[in-house]
Amino acid sequence: MMFNVIVMHGILPEVFLYSTIIPIPKTRNVNLSDSPNYRGIGLSFLYGKLFDNVVLMYYSDKLATSELQFGFKAKSSRSQCTFVLKESLAYYINNNSPVYCTFLDATKAFDRVNYSKLFKLLIRRNLPLLLVRIMLNFYISNFVRVSWCGYFSEYFLATNDVKQGGVLSPVMFCVYLDELLHALSEAKVGCYIGDIFVGALAYADDLVLTAPSANSLWKDVGHMRRVCF
């Protein structure tokens, strides 16, 4: 009944809108006094996570992403992405063709998602507008605080990002990146195996571009910059 009321009125209970960020070191043996070495994991209200799962259950088809994206999908893994990359490079080498690649790791990618662009993409995917309104309300009214050594900061309004640790967040990020992967594929610049485009492969925010020449690789990077900026 609560979820039905939320969908009907497009307004979330206030408790849904508050979350706590726990800073976690990204890797071992890093300088713990340097803030970029931490990843902020958001702890949200339990019913908010349940609501995210309901959205995924009913609208997973509208949130599906390109086969060039291997992150956050069932029966998909980083190993599969690596395998496709290795086989693509081997295909060109075995056919006596040069092959170039560049690896891109977006800095704090989850934290820099632009809300305006994200929700335009969701509307284009024909997600029900009532649901888009709820999600918009959730994101633009998202108040967070930071927990550190048993102490809590004051709550502040988050103006961009999809929360790491959220159920729906990784899927939303992949939707956000999917436009770029489609644009790179349609540019027809990069590596192909037969008629299958393998010139851009992604695992979440990690992206690799491959091309049979340095010039075409540079065109790929240039096209990517135009789409992003």
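Predicted model: local features only at pLDDT ≥ 70, side-chain atom pairs only at ≥ 80, totals over all residues.

Q: How many aromatic pairs does a search of the whole structure find?
A: The search finds six aromatic pairs. Tyr91 and Tyr92 are one of them, and this pair is edge-to-face because the ring planes stand at 80°, with the centres 5.6 Å apart. Tyr91 is partly exposed, at 35% relative accessibility, whereas Tyr92 is buried, with a relative accessible area of 11%. Tyr192 and Phe197 also form an edge-to-face pair, in which the centres are 5.3 Å apart and the planes make an angle of 65°. Of these two residues, Tyr192 counts as partly exposed at 22% relative accessibility, and Phe197 is buried at 9%.

Q: Which residues have a charged group placed over a ring?
A: Among them is Lys117, whose charged end sits over the ring of Tyr176 at 5.7 Å from the ring centre.

Q: What is the general idea behind a salt bridge, and how many does a search of the whole structure find?
A: Side chains of opposite charge can pair when their charged atoms come close. In this model, a search of the whole structure finds four salt bridges. One of them brings together the side chains of Lys117 and Glu179, with 3.7 Å from N to O. That pair links distant parts of the chain, for Lys117 belongs to helix H4 (residues 115-124) and Glu179 to helix H6 (residues 169-186), 62 residues apart. Lys117 is partly exposed, with a relative accessible area of 26%, and Glu179 is partly exposed as well, with 28%.

Q: Where in the chain do the two partners Asp178 and Arg125 lie?
A: The side chains of Asp178 and Arg125 meet in a salt bridge, at 3.0 Å from N to O. Asp178 lies in helix H6, while Arg125 lies in the loop between H4 and helix H5 (129-140), so the pair ties together parts that are 53 residues apart in sequence.

Q: Are Asp178 and Arg125 buried or partly exposed?
A: Asp178 counts as buried, at 3% relative accessibility, whereas Arg125 counts as partly exposed, at 21%.

Q: What is a disulfide in general, and how many does a search of the whole structure find?
A: A disulfide is a covalent bond between the sulfur atoms of two cysteines. Here the search of the whole structure finds zero disulfides. Cys81 is in no disulfide, and the nearest cysteine sulfur, that of Cys174, is 11 Å away. Cys191 is likewise in no disulfide, with the nearest cysteine sulfur, that of Cys101, at 8.7 Å. To judge such distances one needs the cut-off, because a disulfide is counted when the two sulfur atoms are within 2.5 Å.

Q: Are Cys81 and Cys191 buried or exposed?
A: Cys81 is buried, with a relative accessible area of 9%, and Cys191 also counts as buried, at 1% relative accessibility.

Q: Which residues form a nonpolar patch on the surface?
A: Met2, Tyr47 and Leu50 form such a patch, and together they have about 280 Å² of accessible area. Within this group, Tyr47 has its place in helix H2 (residues 46-59). Tyr47 is partly exposed, with a relative accessible area of 42%.

How values were computed:
Residues numbered from 1 in each chain as written. Heavy atoms only, no water. Buried < 20%, exposed > 50% of the residue type's maximum accessible area, 1.4 Å probe, protein only. Patch = residues over 30% accessible without salt bridge, like charges linked within 9 Å, V, L, I, M, F, W, Y side chains within 5 Å. Areas by Shrake-Rupley, 256 points an atom, 1.4 Å probe, with all protein chains shown as cover. Helix = DSSP H or I, 4+ residues; strand = E, 2+ residues; numbered from the N terminus. Phe/Tyr/Trp six-rings, centres within 6.5 Å; stacked < 30°, edge-to-face > 60°. Lys NZ or Arg CZ within 6 Å of the ring centre and 35° of its normal.
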